[in-house]
Amino acid sequence: MSYNDRRGGYRRRNRDDYDDRRREPFETPEDKLKIAIIKLGEVDAIEELPRLQKQILDFVPSNVAIVSEAIRVGHPYKIPYYAALIRLLHEPTMDAEETEGKPTLGRLVLEDFWKGFQTYLDKLEWRETRLCIQFFAHLTVAEIVSPESMIALLQAFTAALEGFNVSHKRAKRAVLCAAEGLMIGGASLKPHSPTSVSEIISAIQSFSDTTNSAKWLVRPTIDLYADAVTIENADEMLDTILNMLKSLHDADFSQTADSFPQPYLTLPKLEQLTPFNLPMVLVPPETDIELDGTNTEEATLVKKDEWPEYFLRLFDNDVSPDPNTPAGYAVRSALLDTISIFEVNRKECARLLLEYPKWNLPGAFKPKPGAPVDVEPAPGKHWQLESTIIETILGAYLILPESSHKSVYYISLITELCKLSPSTVGPAVGKSIRKLYGSLSEGLDVEAARRFAEWFAVHMSNFGFQWVWKEWVPDLALTVQHPRRTFMRRAVEFEIRLSYHDRILKTLPEAMQAPESLTTSEQAPGPLFEYDEPTNPHHDAAQSILNLFRGRAKAEDVINHIDTLKSTLETSENGPVNVDATVRSIVVQSLLHIGARSFSHLLNAIERYLPLLRFVASGGNAATGGSGASSPEAKAGILTSSAAFWKNNPQMVGIVFDKLMQYQIVDPNDVVGWTFVNGAGLGLGGPLSLNAFEWDLLRGALDKANGRVVIARRKVTALRKEEDDTRARAKARANESMEVDADTKQADEETAVDNPVLTTALKALDSLIAEQKAALSRTLEGFVTCLAPVAADANPNPHARTVIGEQAWHNRANWDNDEWNAWETWGWYRQFCRIYSPYLRGYAQTFYTVSFARFETSTDPAAELLKKTWNIATEVS
């Protein structure tokens, strides 16, 4: 065969392979049955149920596990219809004589379903456990599950609230399981045991009362003077659960039928059916895995679920459902479950959310514009679907201190909704933006405001940056640090990051383009090289350094040139000058100037001249190569020079600081200290305070310190496991041979005691823990200095104490920049305590003694508020 023939055969063979890849994957009969169950209701669930029942019954041999698994992994809003399917599968078959005395297929599926539920519970997979309980509750109403066993199941979850030192995460999840099971099955449970139903509600109430202090710290609107946990524009999850359950209980759960579909009630009643008794369960305890006192990575991460959850309300009750009512709670719960489950597929999630009305009761939502009206509006409902969805997504997105999923998921989900139905979702998004913007002057939490600006900018970037900015032009008359003005600057800054300066500038009205509006600059946010102008007295010195960098001189050559440059500056006629500070500034800014072209240029410059940067960080007194003790003054100078170079681009300041910490030129503690001393307004002066930019720097430094500890602990854990495995294998080999001499045993013992790699890792861990502790302590001390200053402090803010009073808050329309700066600093202190509480709790007593002992006998209201916030954050678990 010729070469060409072989080549042709090669092509044909590969074409056949390609055709094989294009063929549809083979589906077994089991796969088809499972898919049919999961896709129940694609057209009409009620009409499909009998056909699906027949398909399951005709499947030979019966595969109970497939049916059970398909129901467990099905969509949460289909649970009532799956309950109806189980009810149909309990009906006797045509071959009654053959099946007499045998359990029905529905009973077998239910028994297998219980096994899956028990697995979820043992693994503490709370969402799946809760959805299974909803399924059992529907089956209780359908008279498939016995009421007494259902009550016992719910009581098992309320019993979990009584454990010693139970965490808020565990208790809240247990409450959700018990509450939603009672909400759905209460109509069948209360007649059976009214006392048990009341006891379940009382247990939830008792737990909710213990969380009032934590609720105060995570309210989405800040009233620093007030202790109230109930606010007008937001609902806390436990409060809504209690309000909903009390409403149902008072009405003997008659409202359940108006809140959930119950398709199984339309089926004829089964005679001589013995209800299924759910086995007794015990909610397993939480366990923190520890290895020789060292927590695993999971134990060191921030626990996102340990706080109460407030959901902002953006619309009136006639537009979106009130979650304090049974029907409103049912809608929000179903939407939140869908959002959570489909995090992996935002496009599918958006489609399902817009199709949600067909899974709710008829008439609950208004039909789409132009769609035929098939049903009459339900009394007290007839909500707007798109507004309800957007409110639910934004409510979950703005939960404090941190949302359950990444911010980009919520943002991209709203974008997908707008793409699917721009004519209906777009207006809901616009109304939400205006509502949130209005709440900025009503005390919206600073972290929620930051996320709002982030969402606004990203959303605008997906739709051509089209927004009616002229609506907000009148607010330019407000003081510069007013939250609305701050939001404008932050949003425009984010938009410029996502696009470029000139394009964003053209989208703004003339009033906002003007320099005096302080909304954005006239020029693009580029670098500011202090020594670029020939008129600068140190221009020539900077050029000599720049030429060395451009010529890719070795770090040692640059260091030698710096020594010469110092001698020149000491004898210069430019007046008194701090030679070390000047040379440090020239070197740092020159290096950043070389790396200003792109991010890769910056990294290359830093990596090439790491010895030089270490030399500068040591104060210029170390030996060539950068060894030697670091100098706090020199590190602060490096940060100051970097911030001055990127003064017009705060994002780059954060990036440079991060890289300096990454390469250990500066420590997180250095960044924290610099931020409180020099960060306010990038050195623009004024009383000491923090804004969103400084908070970003603090968060970057603290996350770096905490992240290093997590990595070090992970390494220690891996090394210990490796050592244990090695020791176990050696012991196993010894047991097999039964001949281990004393010398071998002694060697093994010495290895166990003196493992050099593990010893080094433990020392590194201790060092990083000390660094973490120092950064957290310095941050706390910085906030104390800002918010409860004494006369001896540099640039104290006299309004830090006045803005926390009720009278001052009601007079906020007359506040100036200093008052709003102080109020924002209080907001960031709250966020610091909330988000880093798991880390702070380990050092709570030490930090309290260092930072708050001075206020023990003080009646200063600022000191009292500082301690109150701290105590709540460090006691929550």
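Helices (H or I, at least four residues) and strands (E, at least two) are DSSP runs numbered from the N terminus, and the expected span of a helix is 1.5 Å times one less than its number of residues. The model is predicted, with local features needing pLDDT of at least 70 and side-chain atom pairs counting only at pLDDT 80 or more, while totals for chains, interfaces and linings use all residues. Residues are numbered from 1 along each chain as its sequence is written, and side-chain values use heavy atoms, leaving out hydrogens and water.

**Exercise 1.** Work out what span helix H13 (residues 237-250) should have.

Solution. H13 has 14 residues, and at 1.5 Å a residue these should span 20 Å. The end C-alpha atoms are 20 Å apart, which agrees.

**Exercise 2.** Decide how far H13 is enclosed by the rest of the structure.

Solution. Take buried as under 20% relative accessible area with a 1.4 Å probe and protein chains only. Ten of the 14 residues are buried, so H13 is largely enclosed; among them are Met237, Ile241, Leu245 and His249. The cover, counted by contact (heavy atoms within 4.5 Å), includes helix H10 (168-192), helix H11 (194-209) and strand S1 (234-236).

**Exercise 3.** Describe how H10 lies against H13.

Solution. The axes, which are lines fitted to C-alpha atoms over the stretch in contact, with angles from 0 to 180 degrees between N-to-C directions, come within 11 Å and cross at roughly 15°. That makes H10 roughly parallel to H13, a label for angles under 35 degrees. Residues of H10 including Val175, Leu176 and Ala179 belong to the set that meets a set in H13 including Leu238, Met244 and Leu248.

Technical notes
Buried means under 20% relative accessible area, exposed over 50%, partly exposed in between (1.4 Å probe, protein chains only). Angles under 35 degrees count as roughly parallel, over 145 as roughly antiparallel, 65 to 115 as roughly perpendicular and the rest as oblique.
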